[in-house]
Amino acid sequence: MASKLLRAVVLGPPGSGKGTVCQRIAESFGLQHLSSGHFLRENIRAKSEVGVLAKQYLEQGLLVPDHVITSVMMMELEKKQSQHWLLDGFPRTLVQAEALDRICDLDLVINLNIPFETLKDRLSARWIHPASGRVYNMEFNPPDVHGIDDITGEPLIQREDDKPDAVAVRLRKYKEAAKPVIELYKSRGVLHSFSGTETNKIWPYVYTLVSSKVRPVHSKEAN
Ligand SMILES: Nc1ccn([C@@H]2O[C@H](COP(=O)(O)OP(=O)(O)OP(=O)(O)O)[C@@H](O)[C@H]2O)c(=O)n1
Ligand SMILES: Nc1nc2c(ncn2[C@@H]2O[C@H](COP(=O)(O)OP(=O)(O)O)[C@@H](O)[C@H]2O)c(=O)[nH]1
């Protein structure tokens, strides 16, 4: 199998399971999972310059300006040059995709196609542990103790932008912005789309696809 470092992206609307799928890929293949939303929320908590600027956009379910998120991601990617990585939530627009093009050639783009009603239901039941970015769902993967993070014992919160009004705006904006990005990757032959309402059913196909590019951490072959 090629030893080239994997450069992969997971695309999909809010609630489509990007974070869930990326976490599984990261664990199974030892890849770095880089979530743009998580970096932005960390900056907001730290009240950094980027965080202060980004806060107003996230609260309204809007995208932060391209140059802001691009500079955050380029800084993070620079630190990970010698590792396999997987991007979650970036690129979100054609301008962001073009910026990413300037620093790497993508090997794989995974596109999650999930019905609108399913997205709305999932987001209203999503709870997160803000410090780590761990994601729970009151039906799909509830915490051991209601409202409490399994690992740290700290309280879980619901994101402001998971409230119904913000969700509708986010989903509409996603469609508009993502269309040219999906077209670009399709035209390059790197796009792989997966449709369905359950992550557990999509996951085996994603696993097989990623296995064709990187060796799983726990496979017999790897031991
Ligand atoms: N390239 C990006 C990525 C994220 N965001 C902002 O960060 C928020 C949260 O991003 P993320 O965690 O990726 O969330 P969504 O995909 O919107 O939802 P999710 O966790 O639900 O993927 C977005 O709504 C948006 O305001 C952005 O402006 N530009
Ligand atoms: N009911 C259900 N919830 C899921 C499924 N897959 C993921 N989730 C939950 O749906 C929410 C959105 O998933 P997440 O991975 O955060 O999606 P993202 O917004 O695309 O990153 C989270 O609360 C997940 O725990 C699934 O197959 N069924």
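Rings of Phe, Tyr and Trp (its six-membered ring) count as a pair if their centres lie within 6.5 Å; planes under 30 degrees apart are stacked, over 60 edge-to-face, and the rest tilted. These legends describe a predicted model, in which local features need pLDDT of at least 70, side-chain atom pairs count only at pLDDT 80 or more, and totals for chains, interfaces and linings use all residues. Residues are numbered from 1 along each chain as its sequence is written, chains are lettered from A and ligands numbered from 1 in the order in which they are written, and side-chain values use heavy atoms, with hydrogens and water left out.

**View 1**
The whole structure holds two aromatic pairs. F29 and Y207 form a tilted pair, 5.1 Å from centre to centre with 40° between the planes. This pair links distant parts of the chain: F29 is in helix α1 and Y207 in helix α8 (residues 199-211), 178 residues apart. Helices (H or I, at least four residues) and strands (E, at least two) are DSSP runs, numbered from the N terminus. Buried means under 20% relative accessible area, exposed over 50%, and partly exposed in between (1.4 Å probe, protein chains only). Y207 has 29% relative accessibility, so Y207 counts as partly exposed. W203 and Y207 form an edge-to-face pair, 5.8 Å from centre to centre with 70° between the planes. Both W203 and Y207 lie in helix α8, four residues apart, about one turn of the helix. An α-helix has 3.6 residues a turn, so residues three or four places apart point the same way. W203 counts as buried because its relative accessibility is 15%. F29, W203 and Y207 form one aromatic cluster.

S36 is found in helix α2 (residues 36-46). S36 is buried, with a relative accessible area of 4%. What does S36 touch, leaving aside residues up to four places away in sequence? The partners are I69, M73, D88, G89 and F90. Contact here means heavy atoms within 4.5 Å. The buried residues of α2 are S36, G37, H38, F39, L40, N43 and I44. They pack against β2 (32-35), α3 (49-59), α4 (66-79) and β3 (85-88). K47 follows α2 and has a positive phi, near 55°.

**View 1. The shell around ligand 1.**
Of the 19 residues around ligand 1, L62, V64, R92, R126 and R170 come nearest. A residue is near a molecule or strand if one of its heavy atoms lies within 4 Å of it. Helix α2 gives the most to this shell, with four residues. By class, the shell has seven nonpolar, five polar and seven charged residues. Ala, Val, Leu, Ile, Met, Phe, Trp, Tyr, Cys and Pro count as nonpolar, Asp, Glu, Lys and Arg as charged, and the others, Gly among them, as polar.

Next come the polar contacts. Such a contact is a pair of N or O atoms within 3.5 Å; within protein, one must be able to donate a hydrogen and the other to accept it, and residues adjacent in sequence count only if both atoms are side-chain atoms. A polar side-chain atom of K18 lies 2.9 Å from an oxygen atom of ligand 1. A backbone N or O atom of G89 lies 2.9 Å from a nitrogen atom of ligand 1. In the side chain of R170, an N or O atom is 2.7 Å from an oxygen atom of ligand 1. On its own, ligand 1 has 540 Å² of accessible area, and the protein covers 96% of that. Accessible areas come from the Shrake-Rupley method with a 1.4 Å probe; for residues, only the protein chains shown count as cover.

**View 2. The shell around ligand 2.**
Ligand 2 is surrounded by 18 residues, the closest being G15, K18, T20, R126 and T199. Helix α1 (18-29) and strand β6 (134-137) each supply at least two residues of this shell. The shell divides into five nonpolar, nine polar and four charged residues. A polar backbone atom of S16 is 3.2 Å from an oxygen atom of ligand 2. For a polar backbone atom of Y136, the distance to an oxygen atom of ligand 2 is 2.9 Å. In the side chain of N141, an N or O atom is 3.0 Å from an oxygen atom of ligand 2. Taken alone, ligand 2 exposes 570 Å², and the protein buries 90% of that.
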